[in-house]
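Visitor: I am new to this structure. Please take me through one part of it closely, and show me how that part sits in the rest.

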Amino acid sequence: MQKQGTVVRWNAERAFGFIRSPDTPADVFFHMRDFEGGGTPLEGHSVSYQEIHVRGKGPRAMAVQPVGTPAVTAPAARAAAGGSKKAQAPSPWRPQPPRAGRSGASPAFQGLAFLLMALWLGMLAFGAWNNQLPWWLLGAAVALNLLTFIVYALDKSAAQSGQRRVAENHLHLLALAGGWPGAWFAQKILRHKSSKTAFRVLYWATVMLHCAGLAAWLLRGAE
C-alpha cells in the first residue's frame, strides 16, 4: 500500500531508520537499500513508500522515495535574491561523496592486513609441518573463520531488524581465538563494525595478541 510519512529516526552507522505516518499506528522500519532517492535519508524529511508486513515483525517500508525538496533556508534565500554566485548547499537527496573511513580501509592498510594474514597462515603451516601444532588445527582455523563471518552477518541482520544483537565481547573472543581474518573480511564486505573506532581498536588488539601468542608458542617449541 502506497503511503506518505516523515523520517523520524535514522541510524547512519547501522543504515536503517523509521518513518512515521498518520495512516500507520507504529513507526515503519526501512533500510538504506530500500531508499531510492539517492544520498542519505535525513530526519524530518517527507517520503513516500510501499508498506508491507512480514511475519508479525511490524510494518516495513519498501521503495522509499523523497517527496518534494527540502525547504530553502533564510540565508540561502537571501543569497539567491542578492544574486550570489556561491555554490548552493548539496541536497540531502543527492548522492554525496563517501566520507573518509566509512568505505573501508585504504589500499595500503589492506595490503598490510593481507600480509599479516599470510604470515599467520605461514606460522600455522610451519607449526603443523614441524609437529608443533596438530594438522587438524588448520581445518579448525578455516571453520572458525567461516563461523566468525557468519556471526558478523547475523549480528548485522539483527541490527537492521531491531532484534537482539551479538555481544561485542563475543565478536572479540572469536577474533582472539583465531577468527580475526574472517572478522576482517566481514567488516569490509558487510560494512559491519567497520567505522566504530573503539571496536576497531580492540579488534586489532586481539589480532596482535593472537599472533604474538602463536609466534611465542612456535619459538618455544623450536628451542
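Guide: Ala63 counts as partly exposed, because its relative accessibility is 27%, and buried would need under 20% while exposed would need over 50%. The model is a predicted one. Ala63 belongs to strand 5, which covers residues 59-66. Its backbone deserves a look too. The phi angle of Ala63 is near 50 degrees, a positive value in a residue that is not glycine.

Now place that strand in the chain. The protein chain has 5 helices and 5 strands. Along the sequence the pattern reads β-β-β-β-β-α-α-α-α-α. Of the 223 residues, 35% count as buried. Among contacts with a separation of 6 or more, 63% join residues 24 or more positions apart. The accessible surface is about 13,700 Å², and carbon and sulfur atoms hold 63% of that.

Lys193 also has a positive phi, near 60 degrees, and is likewise a residue other than glycine. Lys193 lies in the loop between helix 4 (168-189) and helix 5 (197-222). Lys193 counts as buried, because its relative accessibility is 11%.

Asn145 gives a view from a helix. Asn145 sits in helix 3, residues 136-161. Asn145 is buried, with a relative accessible area of 12%. Set aside the neighbours within four places in sequence, and Asn145 contacts Trp120, Gly178, Gly179, Trp180, Pro181 and Gly182.

Notes
Residues are numbered from 1 along each chain as its sequence is written. This is a predicted model: local features need pLDDT of at least 70, side-chain atom pairs count only at pLDDT 80 or more; totals for chains, interfaces and linings use all residues. Side-chain values use heavy atoms; hydrogens and water are left out. Helices (H or I, at least four residues) and strands (E, at least two) are DSSP runs, numbered from the N terminus. Buried means under 20% relative accessible area, exposed over 50%, partly exposed in between (1.4 Å probe, protein chains only). Contact means heavy atoms within 4.5 Å. Accessible areas come from the Shrake-Rupley method with a 1.4 Å probe; for residues, only the protein chains shown count as cover.
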